[in-house]
Amino acid sequence: MSIEILPLAGTLGADIHGVDVATIDDATFEAVHQALLDHGVIVLRDQDITPAQQIAFAKRWNDLHTHPYLAGLPEHPEIIEIIKEPDEEGGFGAHWHTDQIFTPAPAMATMLYAKEVPAVGGDTMFASMPTAYEALSDGMKAMLRHVHTFSQYNKTAKRSGKMSGKVTKPSKPAVHPIIRVHPETRRPGLYINEMENLRHLDGMTVEESTPIINYLIRHATKPEFTCRVRWEVGSLAVWDNRQLMHMALNDYPGRRRVMHRITIKGDVPFGLDEAGDLP
Ligand SMILES: [Fe+2]
């Protein structure tokens, strides 16, 4: 296969052409894997695959992650179908976040396959967390070195968009370093969410945490740290939750969108060492 990688923006994101994920060989997969590490989010265009083929491609990365609170398709439980009907108002994932920060070992990557998309609208935004971290002052970096976030799934948060399964009750909270070291690239990056599932900073009150988290979100989502993915039917995106936040844009009232989502198992996040160096 002759693979073409076209960056989407100056900081992150790439479109990939010339790959058929249904018949991908090991060497091409290695190039795609490296592109994910380099660009954070990759979009494999013009795919025509079955749920079984999407699952097989996802398994090349790692074991699949079963969502703790959402059920999958009846015949393919690894796939969560995200449907937004024309008359629905809210949007699934319509705030800045990294997937499953509220679990002890969040998904390494998320794979979204576009089955049905509006002619315009419904794009997804991504932001590079290592780039955002590097742009902080030395004083802020030092202050954050020992800070951890405290997250717990918020089942009362306003959500809509239909899933193929039910949202059930969450269990334990998760505590993660706010500066996360990427286990493959070794780049440190901010590891945060807008305050929904992220409740507060560990050991601090909500009142103390809110201005810090709000500042970091505002900083980390500056336009120059972002890219925007425009979906077409057959687009298969993979993004690296260890180095990005993302946000689904809810700007297509009256139109329908159907996506097939798989999440891939990740490790337990780790931060910098006591001295602020890479461990
Ligand atoms: Fe998400």
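Helices (H or I, at least four residues) and strands (E, at least two) are taken here as DSSP runs, numbered from the N terminus, and in these terms Asn193 sits in the loop between β12 (188-190) and β13. The model is predicted, so local features need pLDDT of at least 70 and side-chain atom pairs count only at pLDDT 80 or more, while totals for chains, interfaces and linings use all residues. Residues are numbered from 1 along each chain as its sequence is written, and side-chain values use heavy atoms, with hydrogens and water left out.

**Iron site**

- The iron ion has as its protein donors His97 (NE2), Asp99 (OD) and His246 (NE2), which lie 2.1 to 2.2 Å from it; donors are N, O and S atoms within 2.8 Å of the metal (3.2 Å for Na, K and Ca), and water is not among the atoms, so sites may look incomplete.
- Along the chain the donors follow the spacing H-x1-D-x146-H, and the pair of Asp99, in the loop between β5 (80-84) and β6 (109-116), and His246, in strand β16 (residues 244-248), links distant parts of the chain that are 147 residues apart.
- Asp99 counts as buried at 5% relative accessibility, and His246 likewise counts as buried at 4%, where buried means under 20% relative accessible area, exposed over 50% and partly exposed in between (1.4 Å probe, protein chains only).

**Surroundings of Asn193**

- Asn193 is buried, with a relative accessible area of 2%, and its side chain reaches the backbone nitrogen of Thr98 at 2.6 Å; a polar contact is a pair of N or O atoms within 3.5 Å, and within protein one must be able to donate a hydrogen and the other to accept it, while residues adjacent in sequence count only if both atoms are side-chain atoms.
- Not counting residues up to four places away in sequence, Asn193 touches Trp96, His97, Thr98, Ile101, Leu198, Ile213, Ile217 and Met245, with contact meaning heavy atoms within 4.5 Å.
- Among these neighbours of Asn193 is His97, one of the protein donors of the iron ion.

**Strand pairing**

- An open sheet of three strands has the order β14-β7-β16 with antiparallel pairing, two strands being paired if DSSP finds at least two bridges between them.
- In this sheet β14 (226-229) and β16 stand at the edges with a single partner strand each, so one side of each is left without a neighbour in the sheet.
- Strand β7 (residues 124-128) pairs with β16 in the antiparallel sense over five bridges, and Ser128 has Leu244 as its bridge partner in β16.
- β6 pairs in the antiparallel sense with strand β15 (residues 236-240) over five bridges, including one that joins Met111 to Val238.
- β6 also pairs in the antiparallel sense with strand β17 (residues 257-264), over seven bridges, and here Ala109 has Ile264 as its bridge partner.
- Six of the eight residues of β6 are buried, which leaves this strand mostly covered.

**Nonpolar cores**

- The largest nonpolar core has 29 residues, and those with the most contacts inside it are Leu144, Ile178, Leu190, Ile192 and Leu216; a nonpolar core is a set of buried Ala, Val, Leu, Ile, Met, Phe, Trp, Tyr and Cys residues joined through side-chain atoms within 4.5 Å.
- The elements that give two or more residues to this core are β7, α3 (129-134), α4 (138-144), β11 (179-181), β13 (198-201), α5 (206-220) and β16, and the largest share, five residues, comes from α5.
- Leaving aside its neighbours within four places in sequence, Ile192 is in contact with Thr98, Ile101, Ile178, Leu198, Leu216, Ile217, Ala220 and Met245.
- Another core, of 27 residues, lies apart from the largest one, and Phe29, Ala35, Ile79 and Ala109 are among its members.

**Positive phi values**

- Gln100, found in the loop between β5 and β6, has a positive phi of about 65° although it is not a glycine, and at 3% relative accessibility Gln100 counts as buried.
- Asp46, in the loop between β3 (41-44) and α2 (51-59), has a phi near 60°, a positive value in a residue other than glycine, but Asp46 is exposed, with a relative accessible area of 59%.

**Segment after β17**

- Asp273 is found in the segment after β17 and is partly exposed, with a relative accessible area of 28%.
- Not counting residues up to four places away in sequence, Asp273 touches Arg145, Leu278 and Pro279.
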